[in-house]
Amino acid sequence: MRIVFFGPPGVGKGTQAHLLAQRLNVPLIATGDVLREAIASGSTLGLKAAEYVSKGELVPDDVMIALVKDLIERRAHDFVLDGFPRTVKQAEALKRALGEKGIDAVIGLCAPLDLLIERLSQRRVCPRCKRNYHLTLNPPKRTGRCDSCGSPLVQREDDRESVIKRRIEVYTKESQPLVEWYRGKGLLREVDGTGAVSQVFARVCGAVEIAQPRTPNRQSP
Ligand code: AP5
């Protein structure tokens, strides 16, 4: 399957995309993570991306289109894509790159603005294994340390309040038009992103018409 996750900053795309990729056993391609890795490595792409990402602006379409085309060609026939496309130009390029088969569905997550801001300002991330935490709703077991690899958790530079505001403005202006674009193509599955991670995941699974994994020891109703 080829699934795209779409929605405003902080709505839970990364969290849900990771779970769905595991569930479907397909690669996850997350453009935000790819850019942050490039920035950390100091590569040419990273130097170029840094000036946009730190301000909450979109990296130019030509850079993103070349990057994702390469990732898809090298890595995957089936995939879960998180963070791309974000403009109609990117969506058109994805369509051209994938040809006949195209994508199977776009999961459009939505949540109220105050929840987005709260989730982003409370987020801490592991720079090593990329795991996400929420300081109160999904805290690490040991304060400030990743449960998986023990690395110190950090706040993303673009999770500062002023940058959060700008990212949401950019989403509204540049990315939201894609909702209608994908709705018009019959690919959009709108999913309520509020509630616990497991509740949202159950809706995501419903939207892609797959059965939820059974929880061992769960009693039948
Ligand atoms: P990117 O990393 O993709 O950022 P984003 O789209 O702004 O999304 P976020 O990662 O902030 O949020 P999310 O929706 O994934 O939520 P998450 O699951 O983490 O991109 C960063 C930057 O790179 C962009 O601003 C841009 O500059 C550039 N870029 C990337 N792709 C680009 C492209 N295609 N074109 C141009 N530029 C591009 O959850 C957020 C928090 O909430 C976490 O703490 C999580 O633990 C918590 N949480 C999630 N779900 C729940 C829940 N149900 N209950 C409670 N807490 C929850």
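Predicted model: local features only at pLDDT ≥ 70, side-chain atom pairs only at ≥ 80, totals over all residues.
1. For a student meeting the term, a disulfide is a covalent bond between the sulfur atoms of two cysteines.

2. Cys-129. The cysteine sulfur nearest to that of Cys-129 belongs to Cys-146 and is 3.5 Å away. A disulfide needs the two sulfur atoms within 2.5 Å, so Cys-129 is in no disulfide. Cys-129 has 35% relative accessibility and counts as partly exposed.

3. Cys-205. This cysteine is in no disulfide either, and its nearest cysteine sulfur, that of Cys-110, is 17 Å away. Cys-205 has a relative accessible area of 1%, and because buried means under 20%, Cys-205 counts as buried.

4. Thr-15 places a polar side-chain atom 2.6 Å from a ligand oxygen atom. For Arg-36, a polar side-chain atom is 2.9 Å from an oxygen atom of the ligand. Gln-90 has a polar side-chain atom 2.9 Å from a nitrogen atom of the ligand. The ligand taken alone exposes 1000 Å², of which the protein buries 96%.

5. Elements around the ligand. Two or more residues of the shell come from each of helix H1 (13-24), helix H2 (31-41), helix H6 (113-121), strand S6 (132-134) and helix H9 (197-207). H2 gives the most, with four residues.

6. Make-up of the shell. The ligand is surrounded by 34 residues, and the closest are Thr-15, Glu-57, Arg-86, Arg-123 and Arg-167. By type, the shell divides into 15 nonpolar, 10 polar and nine charged residues.

Definitions and conventions: Residues numbered from 1 in each chain as written. Heavy atoms only, no water. Near = heavy atom within 4 Å. Polar contact = N/O pair within 3.5 Å; in protein donor to acceptor, adjacent residues only side chain to side chain. Areas by Shrake-Rupley, 256 points an atom, 1.4 Å probe, with all protein chains shown as cover. Nonpolar A, V, L, I, M, F, W, Y, C, P; charged D, E, K, R; others polar. Buried < 20%, exposed > 50% of the residue type's maximum accessible area, 1.4 Å probe, protein only.
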